[in-house]
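Hi everyone, thanks for coming. I'd like to walk you through a structure that may be new to you, so please have a look at it with me.

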Amino acid sequence: IACGSNTYGAGCSQTCQCDPTNTLSCSNIDGNCTCKSGWQGATCTEDINECSLNSTICDITPNSECENTNGSHVCNCVTGYQKAADLTCKECSSTTYGDSCSQACTCVMANTLDCSNVNGSCTCKPGWEGTNCQTNINECNDNTTCNSIPDSTCQDKDGSFECVCNTGFQKNATGFCEVTLTTEAETTVST
């Protein structure tokens with residue numbers, strides 16, 4: 001007589017001790033358990049840590065890391081990446097960051113070169129500073145800013161500056177200030 005699925009031994013008098021959820025079968029002869037994939041031990045109650053067992057298990061999904069689960073594992077995208085429809089890990093867009101790209105960057109994007117996909121830190125364009133690249137740098141605070149263009153004065157602009165020729169001077173084709181030539185008609189005073 002063959003024993004039922006949960007019994008074994010002479011006269012089928014013994015009950016299998018296998019964990020039914022994690023077991024493929026229990027031998028009806030000696031009660032030995034055959035565990036499902038991801039489980040081990042005499043009664044199939046010990047989870048196999050696939051991540052420790054195989055450190056390259058998630059290498060098929062770049063920018064991911066292994067997380068052990070009961071009887072299995074998952075490859076989660078690392079911070080700064082999110083799962084795409086094709087199950088690959090794609091870098092966050094320029095306006096998001098963090099776990100699964102769930103955080104919105106707070107950078108003033110018009111003044112920003114880059115928002116870090118990992119922590120949201122802002123890399124400002126030249127002429128801008130501050131946590132969110134919100135502060136214009138006044139380059140004219142440095143008295144030497146326009147030293148390379150004699151006879152000019154520094155004029156601050158949002159995110160930049162301009163060296164403007166002083167009164168009586170104008171920029172020539174090479175960008176230097178030269179004396180403005182006046183004609184005799186411009187200097188004649190009418191009476």
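Let me begin with a term we'll need: a disulfide here is a pair of cysteine sulfur atoms within 2.5 Å. Please keep in mind that this is a predicted model.

With that term in hand, take the link of cysteine 146 and cysteine 163: with -90° about the S-S bond, it is left-handed. The two sulfurs are 2.0 Å apart. Cysteine 146 sits in the loop between β16 (135-136) and β17 (152-157), while cysteine 163 belongs to strand β18, residues 160-165. This pair links distant parts of the chain, 17 residues apart. Are these cysteines buried or exposed? Cysteine 146 is buried, with a relative accessible area of 8%, and cysteine 163 also counts as buried, at 9%.

How many disulfides does a search of the whole structure find? The search gives 14, and I'll show you two others from that set.

One of them joins cysteine 16 to cysteine 26, with an S to S distance of 1.7 Å. Its torsion of -85° about the S-S bond makes the link left-handed. Because cysteine 16 lies in the loop between β2 (14-15) and β3 (23-26) and cysteine 26 in strand β3, the pair ties together parts that are 10 residues apart in sequence. Both cysteine 16 and cysteine 26 are buried.

Next comes the disulfide between cysteine 105 and cysteine 115, at 1.8 Å from S to S. The torsion about the S-S bond is about -85°, so this disulfide is left-handed. Here cysteine 105 is in the loop between β12 (103-104) and β13 (112-115), and cysteine 115 is in strand β13, 10 residues apart. Cysteine 105 is buried at 13% relative accessible area, and cysteine 115 is buried at 5%.

Now let's step back to the whole chain. The protein chain has two helices and 20 strands. Why do we call it more spread out than a compact globule? Its radius of gyration is 37 Å, well over the 16 Å that the globule rule gives for 191 residues, so the chain is more spread out than such a globule. Along the principal axes, the C-alpha atoms fill a box of roughly 135 × 25 × 25 Å. Buried residues make up 27% of the 191 residues.

Finally, a word on charge: there are 6 positive and 22 negative side chains, and the centres of the two sets lie 7 Å apart.

Notes. Residues are numbered from 1 along each chain as its sequence is written. This is a predicted model: local features need pLDDT of at least 70, side-chain atom pairs count only at pLDDT 80 or more; totals for chains, interfaces and linings use all residues. Side-chain values use heavy atoms; hydrogens and water are left out. Helices (H or I, at least four residues) and strands (E, at least two) are DSSP runs, numbered from the N terminus. Buried means under 20% relative accessible area, exposed over 50%, partly exposed in between (1.4 Å probe, protein chains only). The radius of gyration is taken over C-alpha atoms; the globule rule is 2.2 Å times the number of residues to the power 0.38. Lys and Arg count as positive and Asp and Glu as negative; His and the chain ends are not counted. The place of a charge is taken as NZ of Lys, CZ of Arg, CG of Asp or CD of Glu.
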